[in-house]
Amino acid sequence: MRRIAAQYIFTSAGVPLKRGVVTTADDGTVISVVDTGGDLAESASVEFYNGIIIPGFVNCHCHLELSHMHNSVPGGGGLGDFIKAVRETRAASDEEVRAAAQKADNDMVAAGIVACGDISNNALTFEIKSRSSIAYTTFIEVFGVDMTKAQKRIEEAEGVAAAAAAAGLRHHITPHAVYSVSQTLFTLLVQHISPAALSSLHFLESEDEREALSRRRGRITESYKSLGIAPENIDTPADHLSTALTLSARTGNLILVHNTCINTGETSVLSAAGNVWFCLCPSSNLRISGAMPPAGVLRDATDHIVTGTDSLASADRLSILTELRLLQEYFPYIPLEELICWGTINGARALKMDVRLGSIEPGKKPGLLLIEGMDLAEMRLLPQSRVRRLL
């Protein structure tokens, strides 16, 4: 048993506790949380830390299998150029992919991540995820704009799903993005989705997406034509909003990833669905297009906001603390307490893991992190702020 205290405890289940005390069992399960009102008596049995204690982070969007692409894709060219670069440079040996993925998993553990929604196009990382202390939810991603190959894409996804099941991984088949699936493929995908499922969708990451759908032109469309896909076989859905609403009506929770170009009307309609979560990955957005997601617009409409790291192809590190620090920098009016909830309990709820993760409450086993090197007077993260795992 351990008794752990700090200057503040952000439980993600209530107001921050000044010099509160968390008691945990030997296996990390929270036994009790005591609000001392700031009056913590000295005790040899209490570990005291100069910082804030928070629950373990939940990373709602990652591509572990792209970890070998760290620093290999130039930034600043926009989504169309990024997609093209990933397609042209992602090839690597199985050994390279696994070695880089293992290092990335280790780094996420050290960075305080306890659960992760991870995108997989193949089974190369499954053994790593099955052994990890991180609780992975694997989204088996399907894409293909050529309507004549829709059935083949579904069969390939079913094969990956069977491998995930054999590895004991929690998994769900999901579309990649509205612009990257044909209507035929989307119809087949919906048949694999039920109210018990979770779904993930790259969503409005770039204005290029709107042009690809509404006008069938632009850099994304040109990238498909460069692959030799006949224009008459490209039959993507008509718009983002109706496609996302169709998906949300079928699934348990829908995580929309990026949302860099989402507008107020779209946010309002989607948030009204009740099971839609908006995932922000600012490091990736800044590197690819130099844009930040409109966190303020989203926050005005909903409290269903979560955070993700995206991949090492588009980010320097897989760190939720880094993402929260960026959000604080660009949106300084958002309280740290709220940002911490985005990176903890909200993520756990979106992935339907909040029974045991996401908040410091009796009976849960969320992991305990210490954030050091921050401005405790103003309650703000600093460039030198760092995270350390206590449990």
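Guide: Contact here means that heavy atoms lie within 4.5 Å. By that rule, and leaving aside neighbours within four places in sequence, leucine 213 is in contact with Val178, Tyr179, Thr236, Pro237, Ala238, Asp239 and His240. This is a predicted model, in which local features need pLDDT of at least 70 and side-chain atom pairs count only at pLDDT 80 or more, while totals for chains, interfaces and linings use all residues. Residues are numbered from 1 along each chain as its sequence is written, and side-chain values use heavy atoms, with hydrogens and water left out.

Visitor: Why is leucine 213 counted as buried?
Guide: Buried means under 20% relative accessible area, exposed means over 50%, and partly exposed is in between (1.4 Å probe, protein chains only). Leucine 213 has 5% relative accessibility, so it counts as buried. The residue lies in helix α6, residues 207-214. Its C-alpha atom is 14 Å from that of histidine 202, eleven residues apart along the chain.

Visitor: What makes residues 207-214 a helix?
Guide: Helices are DSSP runs of H or I with at least four residues, strands are runs of E with at least two, and both are numbered from the N terminus. The run 207-214 is helix α6. In total the protein chain has 14 helices and 15 strands.

Visitor: Why is the protein chain called as compact as a globular protein of its length?
Guide: For 391 residues the rule gives 21 Å, and the radius of gyration of the protein chain is 21 Å, so the description holds. The C-alpha atoms fill a box of roughly 75 × 45 × 40 Å along the principal axes. Of the contacts with a separation of 6 or more, 71% join residues 24 or more positions apart. Of the 391 residues, 57% count as buried.

Visitor: Why is alanine 196 called exposed?
Guide: Its relative accessible area is 66%, over the 50% limit, so alanine 196 is exposed. Alanine 196 sits in the loop between α5 (183-190) and β10.

Visitor: Why is alanine 177 called buried?
Guide: A relative accessible area of 0% is under 20%, so alanine 177 is buried. Alanine 177 is placed in the loop between β9 (170-175) and α5. Beyond four places in sequence, alanine 177 is in contact with Leu201 and His202.

Visitor: Why does alanine 273 count as partly exposed?
Guide: The value for alanine 273 is 37%, which falls between 20% and 50%, so the residue counts as partly exposed. Alanine 273 belongs to the loop between α9 (264-271) and β12 (276-280).

Visitor: Which residues touch the most other members of the largest nonpolar core?
Guide: A nonpolar core is a set of buried Ala, Val, Leu, Ile, Met, Phe, Trp, Tyr and Cys residues joined through side-chain atoms within 4.5 Å. The largest one has 75 residues, and Phe57, Met108, Phe203, Leu256 and Leu327 touch the most other members. Helix α4 (residues 150-166) gives the most to this core, with six residues. Apart from it lies another core, of 19 residues, among them Val257, Trp277, Cys279 and Ala350. Leucine 256 touches residues including Leu201, Phe203, Trp277 and Cys279.

Visitor: Why does threonine 307 count as buried?
Guide: Threonine 307 has 0% relative accessibility, under 20%, so it counts as buried. Threonine 307 is in strand β13, residues 305-307. Among the residues that threonine 307 touches are Val58, His61, Cys279, Leu327 and Trp342.

How values were computed
The radius of gyration is taken over C-alpha atoms; the globule rule is 2.2 Å times the number of residues to the power 0.38.
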